[in-house]
Amino acid sequence: MKVLILGIGNVMFSDEGVGVHLCRLVEQKYQFSSPEHTLTFVDGGTLAQRLIPIIAEYEYLIVLDCVDAHDGEIGDVYFFDFENVPNTITWQGSAHEVEMLQTLTMMDMVGDRPPTKVVGIIPEVVDDTTLELTPAVLKGSSVMESVLLKHLVELGFSYQQISDIDIQSVANMSCLEDR
């Protein structure tokens with residue numbers, strides 16, 4: 001099975017970029033293997049609908065992103081199947097979340113969306129341009145990382161840690177890398 005881990009977010013607005021930063025962190029921090037599956041990491045940024053041709057190539061999708069929830073607090077982590085989004089999830093924390101929701105829904109209409117899981121966190125909405133993640137999201141990102149690793153093991157992947165990099169270091173480097 002071809003598995004895609006897709007990080008979504010705007011890295012220029014603090015917590016908004018946590019999905020992208022987590023995607024890059026896990027790719028750099030661990031080495032994955034599976035006798036029957038492949039794993040690809042993609043920084044989807046805020047591309048939304050332009051990601052459709054990429055997503056359609058995969059048999060399984062894990063989206064890392066910000067979410068909003070009626071019953072949640074900043075830093076709370078949610079893991080759910082896109083087929084069964086909890087009623088408390090509102091997807092209204094930022095414009096890119098709504099675009100990603102619409103993208104996945106459009107893919108449903110034509111039957112191109114692979115089975116999809118979402119690992120999401122409630123961000124603090126920061127209006128200033130900054131690469132610094134807030135303390136609550138820094139803490140929650142380690143929960144997101146654990147949830148993602150556990151799910152990859154359930155899918156049949158094994159992993160080995162190859163680096164001690166942290167998510168804030170990845171965030172700090174995000175504007176220095178070619179994309």
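Predicted model: local features only at pLDDT ≥ 70, side-chain atom pairs only at ≥ 80, totals over all residues.
The partner considered here is strand β7, residues 158-161, which is joined to β2 by four bridges. The two strands run antiparallel. Within this pairing, Y30 stands opposite Q161 of β7.

## Aromatic pairs

The model contains four aromatic pairs. In one of them, the ring centres of F32 and F41 are 5.9 Å apart and the planes meet at 45°, so the pair is classed as tilted. Both F32 and F41 are buried. For F32 the relative accessibility is 17%, and the residue counts as buried because the limit is under 20%.

F32 also pairs with Y159: their ring centres are 6.0 Å apart with planes at 45°, so this pair is tilted. Because F32 lies in strand β2 and Y159 in strand β7, the pair ties together parts that are 127 residues apart in sequence. Y159 has a relative accessible area of 38% and is therefore partly exposed. Ring pairs link Y30, F32, F41 and Y159 into a cluster.

## A charge over a ring

A further arrangement involves K2 and Y58. The charged end of K2 sits over the ring of Y58, at 5.0 Å from the ring centre.

## Helix α4: S141

S141 is located in helix α4, which spans residues 135-155. Its relative accessibility is 4%, so S141 counts as buried. When neighbours within four places in sequence are left aside, S141 is in contact with V18, L22, I121 and I167.

A56 occupies the loop between helix α2 (52-55) and strand β4 (60-66). With a relative accessibility of 35%, A56 counts as partly exposed, because this value falls between the 20% and 50% limits.

Apart from neighbours within four places in sequence, the contacts of A56 are M107 and D112. A56 and V170 are 114 residues apart along the chain, and their C-alpha atoms are separated by 28 Å.

Conventions
Residues numbered from 1 in each chain as written. Heavy atoms only, no water. Pairing = 2+ DSSP bridges. Buried < 20%, exposed > 50% of the residue type's maximum accessible area, 1.4 Å probe, protein only. Contact = heavy atoms within 4.5 Å. Phe/Tyr/Trp six-rings, centres within 6.5 Å; stacked < 30°, edge-to-face > 60°. Lys NZ or Arg CZ within 6 Å of the ring centre and 35° of its normal.
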